[in-house]
Amino acid sequence: MSALDHVDLELLAALSADPRATVVALAERLGLSRNTVQARMARLERAGVFLSYERAISSSALGFPIEAFISVIVRQADLPRITAELTKVPEIVHAHGLSGQVDLLVRVACRDTQHLFDTDARILAIEGVERTETSLVMGEVISHRVAPLMELARRET
C-alpha cells in the first residue's frame with residue numbers, strides 16, 4: 001500500500017478513539033460521504049492496516065491471572081518446527097521472533113506459579129529448545145497503543 005494520506009490518518013484516529021463507530025458516524029465526524037468512508041475502510045483492510053477485529057479479553061477473567069515473558073533460545077535450524085510446536089501450547093498468548101541473543105519472546109498466561117513452571121517445562125521439552133528464562137509480569141505500564149504513532153504520521157504528512 002502507498003503511504004497513508006491525511007484522510008486515511010484522520011479516519012484511523014477516529015476509529016482508534018471510537019472502535020465501535022459506524023460508517024455513518026465516522027462519515028459525519030470527518031465530513032465525508034458514507035461511500036467515501038466505506039471505500040477507504042475497504043482499501044485499508046485489503047492493505048492489512050487493521051490487525052484484528054477480535055475483542056481483547058482479560059486472561060485474568062478466564063482464570064489465568066499470572067502472566068510472564070519467557071525468553072527462548074533455540075537451535076536456529078529448528079526454528080520453524082519449534083514455532084509450530086509452540087502454537088500447540090494454549091498458555092502462549094503472544095510470541096515474537098527476535099534478533100540478538102534471544103530467539104523468541106513468548107508471553108504466557110497461567111493459573112498460578114506451578115502452572116507457569118509446568119508451562120515453561122513443556123516449552124523446554126520441545127526438541128531444539130536449548131534454554132529459557134522467565135520474567136514474571138508485575139503489571140502493564142503502557143498498553144498497546146498506536147495513537148501516538150498516528151499523531152506522528154499526521155505531523156509528517
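These notebook entries record what I looked up in the predicted model of this protein.

**Entry 1. Conventions**

I worked on a predicted model in which local features need pLDDT of at least 70 and side-chain atom pairs count only at pLDDT 80 or more, whereas totals for chains, interfaces and linings use all residues. Residues are numbered from 1 along each chain as its sequence is written, and side-chain values use heavy atoms, with hydrogens and water left out.

**Entry 2. Overall form**

I began with the secondary structure and found 6 helices and 4 strands. Helices here are DSSP runs of H or I with at least four residues, strands are runs of E with at least two, and both are numbered from the N terminus. Read from the N terminus, the order is α-α-α-β-α-β-β-α-β-α. The radius of gyration is 20 Å, well over the 15 Å that the globule rule gives for 157 residues, so the protein is more spread out than a compact globule. That radius is taken over C-alpha atoms, and the globule rule is 2.2 Å times the number of residues to the power 0.38. Along the principal axes, the C-alpha atoms fill a box of roughly 55 × 35 × 25 Å.

I then looked up the surface. The protein exposes about 10600 Å², of which carbon and sulfur atoms supply 56%; accessible areas come from the Shrake-Rupley method with a 1.4 Å probe, and for residues only the protein chains shown count as cover. Of the 157 residues, 29% count as buried (buried is under 20% relative accessible area, exposed is over 50%, and partly exposed lies in between, with a 1.4 Å probe and protein chains only). For contacts (heavy atoms within 4.5 Å) with a separation of 6 or more, residues 24 or more positions apart account for 67%.

**Entry 3. Strand β3 and its partners**

I looked up its pairing, where two strands pair if DSSP finds at least two bridges between them. Strand β1 (residues 66-74) runs antiparallel to β3 and is joined to it by 7 bridges. Strand β2 (residues 92-97) also pairs with β3 in the antiparallel sense, over 5 bridges. V106 in β3 stands opposite I70 and is also the bridge partner of A95. The hairpin of β2 and β3 has 6 residues between the strands, and G100 there takes a positive phi near 100 degrees.

R107 lies in β3 and E67 in β1, so the pair ties together parts that are 40 residues apart in sequence. R107 is buried at 16% relative accessible area, and E67 is buried at 19%.

I next checked T119, which lies in helix α5 (residues 113-124). T119 is buried, at 0% relative accessibility. Residues up to four places away aside, T119 touches V89, E91, V108 and C110.

**Entry 4. Salt bridges**

I counted 12 salt bridges, each being a side-chain nitrogen of Lys or Arg within 4 Å of a carboxyl oxygen of Asp or Glu. One of them joins D5 and R40 at 3.0 Å, N to O. D5 lies in the segment before α1 (6-17) and R40 in helix α3, so this pair ties together parts that are 35 residues apart in sequence. D5 is partly exposed at 31%, whereas R40 is buried at 18%. D5, D8, R40 and R43 are linked in a network of salt bridges.

Another pair is R81 with D78, whose closest N and O atoms are 3.7 Å apart. R81 is partly exposed at 35%; D78 is buried at 16%.

**Entry 5. Two loop residues**

L32 lies in the loop between α2 (23-30) and α3 (34-46) and is partly exposed, at 27%. Neighbours within four places aside, L32 is in contact with V7, A27 and V37. V7 is 25 residues from L32 in sequence and 9.4 Å away, C-alpha to C-alpha.

V146 lies in the loop between β4 (129-136) and α6 (147-156) and is partly exposed, at 37%. V146, L149 and L152 form a nonpolar surface patch with about 250 Å² of accessible area together. Patches are made of residues with over 30% relative accessible area and no salt bridge, with like charges joined within 9 Å and nonpolar side chains (Val, Leu, Ile, Met, Phe, Trp, Tyr) within 5 Å.
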